[in-house]
Amino acid sequence: MLNSRLHITPTWLFRNGNGELLDPIIFALLEGIHDTGKLTQAAQKADISYRHAWNLLTRGEQFFGMPMVLMRKGHGTRLSPLGEQLLWSEQRLRARLEPQLDSMASELSHQLQQLLEGAHPVLRLHASHGYAVALLADLPGELNLRYCNPQEALSALNRGDCDLASFHLPTFPPLAKRVLAVYQALLAGQDLRVIRFVTRRQGLILRASTRKHVHGLADLTRPEIRFINRDEHSGTRVLFNLLLEEHQIDKAQIANGAQEEFTHTAVAAYVAAGMADVGFGVEAAAAQFGLEFISLATEHYLLVCHETQLRQHNVRQLLQAMTSDEFLADIDKLAGYAPDKCGEICTVDELLKDSSG
């Protein structure tokens, strides 16, 4: 049996005309300099010696023909424009690719497990990308986690291509009923049961310098405000469009409203890099990049399965693990997330009734 999860980590490889490579550890060093303003602390965070760090920066300057950091005696070390560009490019690469790579790693882990032990039950979960759902992969039992939007996940559940699917509903009942209407065709006429999981806050993600100019959705219509949206098929985009309708805002008025990213993390990285002023996503993504957050809605993030699957051993094992004190404590550490009667079973109608009560 595999003793740990597989991880696939994307990174840049820089090669010059002479075939020389720049060590990818440079990105960890640049991130440390950005966070601490001190080369000594950055080297410690990157787990390299101060000498190695200094040599990397020197070699990087020779490689690109310009410095990656700026040093002033008594003022510490900060990233140069090149260093900033390199760091944010790497952050955006990871944010864009990690969900797909996590899905591939989960699939590969499953294939290797079968090779080592032979065929055995694997719990297949198709889910919207998020910070809490990623924690499920660390629980006991083997979970094949594949990221996709809610419509794709529920369609896969209907076809039998997965055992569990996810979707999310606002806790505000009128909004929840409108979101539910989007997925009604995929939920109707089946013996489906809802597994409660977490609530999460969604809202505007912005830098501190923008916070004094942006206070809510109406400010997104100002021509000088650059916005980064989620992809049109995501559940978050469905919520955002409904919130615009609630506030009687025409989405055509939002500058760069057609510009999209595919994950919450990618939206936050885009804003942190200064490529947009505001994005829309979960609070945890804003916290990851040290950004400001304006909460606009709270959602139930839910798992769904057929009633008969609740009797499967691996599903029962997952439900038990979801109620453990350790797992609930891990959820509480995520900004904007909270356990939501974690592991309890209900119907969609019961969930809406509970929300309105």
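These legends walk you through a predicted model, one close-up view at a time.

Local features are given where pLDDT is at least 70 and side-chain atom pairs where it is 80 or more, while totals for chains, interfaces and linings use all residues. Residues are numbered from 1 along each chain as its sequence is written, and side-chain values use heavy atoms, leaving out hydrogens and water.

View 1. Helices (H or I, at least four residues) and strands (E, at least two) are DSSP runs, numbered from the N terminus. Of the 357 residues in the protein chain, 50% are buried (under 20% relative accessible area, with a 1.4 Å probe and protein chains only).

**View 2. Helix 1 meets helix 3.** Two packed helices are described by the angle between their axes and the distance between those axes. Here helix 1 (residues 26-36) and helix 3 (residues 50-64) pack at about 100°, with axes 11 Å apart. Axes are lines fitted to C-alpha atoms, for helices over the stretch in contact, and angles run from 0 to 180 degrees between N-to-C directions. Helix 1 is therefore roughly perpendicular to helix 3 (65 to 115 degrees). Ile 26, Leu 29 and Ile 33 of helix 1 touch Ala 53, Leu 56 and Leu 57 of helix 3; contact means heavy atoms within 4.5 Å. By class, this contact has six nonpolar residues, no polar and no charged ones (Ala, Val, Leu, Ile, Met, Phe, Trp, Tyr, Cys and Pro count as nonpolar, Asp, Glu, Lys and Arg as charged, and the others, Gly among them, as polar). Look also for Gly 37, which follows helix 1 and has a positive phi, near 70°.

**View 3. Helix 6 packs with helix 8.** The angle between helix 6 (residues 173-187) and helix 8 (residues 235-246) is about 135°, and their axes lie 11 Å apart. Among the residues making the contact are Leu 175 and Tyr 183 of helix 6 and Val 238 and Leu 242 of helix 8. By class, the contact has eight nonpolar, one polar and three charged residues.

**View 4. Gln 202 sits in strand 8 (residues 192-206).** With 0% relative accessibility, Gln 202 counts as buried. Its side chain makes a polar contact with the side chain of Thr 236 (3.0 Å). A polar contact is a pair of N or O atoms within 3.5 Å; within protein, one must be able to donate a hydrogen and the other to accept it, and residues adjacent in sequence count only if both atoms are side-chain atoms.

Methods
Parallel < 35°, antiparallel > 145°, perpendicular 65-115°, else oblique.
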